[in-house]
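Subject: Structure handover

Dear colleague,

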Amino acid sequence: MAGVLALLVLPTSALAARATIRRTAHGIPHIEAKNFRGIGYGYGYAFAQDDICPIAQDYVTVNGQRSLYFGPDGTYEQRGNGQTFNNLNSDFFWQQIKDSRVIDKLLARKPPFGPKPSIKQGVRGYVAGYNRYLHDVGGASGITDPACKGKPWVRPITIADAYRRFYQLTLLASQDVAVDGIGSAQPPTPGLPVPGLSVPKTAGGLAKRFPIEGPGSNAVAVGRAGTADHKHGLLLGNPHFPWEDTERFYQAHLTIPGKLDVQGASLFGVPLVLIGHTRTMAWSHTVSTAFRFTPYQLTLVPGSPTTYLYDGRPEQMTKRTVTVLVRQPDGSSKPQSRTLYSTRFGPMLTSLVGIPLPWTPTTAFTMRDANADNFRVFNHFFDVDRAKTTRQVLNILNRYQGIPWVNTIAADRKGDALYADIGAVPGVSDALAANCNTALGNATFSLVGLPVLDGSRSACEWEKDPNAIEPGLLGREHQPHLFRSDYVTNSNDSYWLSNPHHPLTGFPRIVGDERTPRSLRTRIGLIMTQDIVDHGGFTRQKMQNMVFSDRQYAGELTRDSLVTMCRQMQLGAPCDILANWDLKENTDSRGALLFRRFWERAAGATPSPWAHAFDANDAVHTPNTLDTSNPQVRAALIGAINDLNGANIPLDAPLGQFQFVTKDGVRIPIHGGPGTDGNFNAINVTWTDGKGYGEPEHGSSYVQVVTWGKSRCPNARTILTYSLSVDPNSPFYSDQTRLYSQKKWVRDLFCRRDVLRGTKSTTFIRSAHRTRVRRGSSG
């Protein structure tokens, strides 16, 4: 082993905490400590080493300081929900959360509503570990990542910073989709014209934005009847999350001997494993179709746009003047204030996912958020990180109803497979929606399942279910779950066909839809899963092959008819290119780009591009067959040819030549394709006319395949597609991306003997003591 490297010494006043960080291949940190404060300390230190810049900027965001550092007119994208916000509006949004002290109030609640003491210890450790790293490198000037090296906004963080980040993630699918609308909401100015509400236009706009584009996922849990050995379970976790910024995953292994042993990944800044496995259970998540909020439409008192009627009585809105610091053109800063309003339901808003909800002299909108008081989520993951079976996972789901916006899919060593969509969902039955939807609500509920409720009647408050953990939430018995011994899956459609042999029905529309078309990605996942179960059952390798098979299901359904149509149109070479395409989106697949552009044009055709319509009794296989008589389908092929020619892309170019990510100045070819086109291995890229496809924005991220055999250790493989670190100077910046490009995987090291054998470096950190680093294996 190499010698010990001594770094800096912390003041003796630092909080006592210690941890050992063993890094195995690709920098994966295995963090061991004697208590939860130590685990948080080690996690904070390791995470900051690898990925400090994106999270440091996010701490600016949740502190309401973007206008101070980046200017009030700038914008940023919250990639986890695909929304773009103005800096000043965002600052007012977050400052009013700070001023309301809502997070302090949630922390003061006793479990199960507030975090358990061990969680609070872990968060204190995380903050101390993050700050210890900053101290060890000499502050922002010592950071090697040029994205934030020497930046004034990189600073030591506080416990409050950490919890604000957690709250941001909790609200990701609710208030976070309306940051601009809440942060800029103002009553109408007397004498100035105000645009009225157009129900068809507004409902149509919301229907185009919901479900929210951006995050997605696949997950498959296979039970004992679906695996080759007929004894153990197997899990695929394949979240499709952003490749940039703070909704990336960070991979780690956390161990407290006798108390905690969990490996997996978490979103940036969260010192718990959110997707991963223990010794005998593995789980993943997919974004749920359930809405986690409802707008309420208010009836305003004439002449007083900040007073609304409730059961015929006027109620004054609560107002709060919020002040933030704003950078001036000369570089100085000065305070700027805005008065924001809220109601008994929640904050006022004037837009939702960018769609205007006008505040007029007679009507306005407010939001009630099922996650506004949800700190139960931390207890949920704390318990899942120590769970041994899928039955325990279901009990945890029911105990807390803390999951904020995802489904849960889990498998265990015993061979049980679980699907569940149990969490924080508004208590809105179909009967309540029918009685209380406004005209806008009737339209949005019909289109996408989003109620817009009448805020003038107490009868339209969310229903109180005695089986819900909090008043107003949907009761557990009204939320779906399914145990199977063969398999369960989800690819972001609703619960209905988690397993086609056992459809789940009878749940409120706010949770999801039933007997409706499934996405092409859902369908190809179900087809591949059933085929493997029917032909010998799953092994780890078979699941790895399946998730990266890169089959293009839209192509499988339409290519032959498309080629026939192409030849009838006498288009020549493009027809032969499509005929010879291997129906995959591998990096060497020729014709994949041409078909993709065709399908992206044809898929939205009106009437439908399908000749055979959807059949709810054969939902896995319908709709199908290309309608080559549809003029829009024929025009889509010509348009696709023109698109590629206009971007100087050869029609037969291999996919990887034009779908790549640039790291270290080198283009790394990326396999996969848009999930909307039917690729299970979703890699989502944006087409720009005249330029072609950009680099991946989101898609397959932390991918894990976990099963068990005779060994006490899990048999698992993982790949973090974008690699562990965002720092271009890190050895872990592009290494796993190159593996992913070649469809290679990383062996999961879980048992202690394997971790020790695979250790490349060991870091010993202890507050008030020097940091020590050893190179090579270590006991």
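**Around Thr489**

Leaving aside residues up to four places away in sequence, Thr489 touches Ala219, Val220, Tyr419, Leu497, Ser498, Leu526 and Thr529. Please bear in mind throughout that this is a predicted model. Thr489 belongs to strand β25, which covers residues 487-490, and the residue counts as buried because its relative accessibility is 7%, where buried means under 20%.

**Salt bridges**

Side chains of opposite charge can pair when their charged atoms come close. How many salt bridges does the structure hold? There are 37 salt bridges in it, and I describe a few of them here, together with how exposed their partners are.

In the salt bridge between Arg747 and Asp754, the N to O distance is 3.7 Å. Arg747 has a relative accessible area of 47%, so this residue is classed as partly exposed, whereas Asp754, at 12% relative accessibility, is classed as buried.

A network can also be found, in which Glu77, Arg79, Glu244 and Asp245 are joined by salt bridges that share partners. Within this group, Arg79 forms a salt bridge with Glu77, and the closest N and O atoms of the pair are 3.7 Å apart. Arg79 is partly exposed because its relative accessibility is 21%, and Glu77 is likewise partly exposed, with a relative accessibility of 37%; the partly exposed class lies between under 20% for buried and over 50% for exposed.

Asp560 and Arg559 form another salt bridge, with 3.1 Å between the closest N and O atoms. Are these two partners buried or exposed? Asp560 counts as exposed, since its relative accessibility is 57%, while Arg559 counts as buried, since its relative accessibility is 11%.

**A hairpin of two strands**

Finally, please look at strand β28, which spans residues 660-663, and strand β29, which spans residues 666-669, because the two pair in the antiparallel sense over four bridges. Where the strands face each other, Lys663 stands opposite Val666 in β29. Which residue takes a positive phi in this hairpin? That residue is Asp664, with a phi near 55 degrees, and the hairpin has two residues between its strands.

When you go through the model yourself, you might begin with Thr489 and its place in strand β25, then turn to the pair of Arg747 and Asp754, and end at the hairpin of β28 and β29.

Technical notes. Residues numbered from 1 in each chain as written. Predicted model: local features only at pLDDT ≥ 70, side-chain atom pairs only at ≥ 80, totals over all residues. Heavy atoms only, no water. Salt bridge = Lys/Arg side-chain N within 4 Å of Asp/Glu carboxyl O. Buried < 20%, exposed > 50% of the residue type's maximum accessible area, 1.4 Å probe, protein only. Contact = heavy atoms within 4.5 Å.
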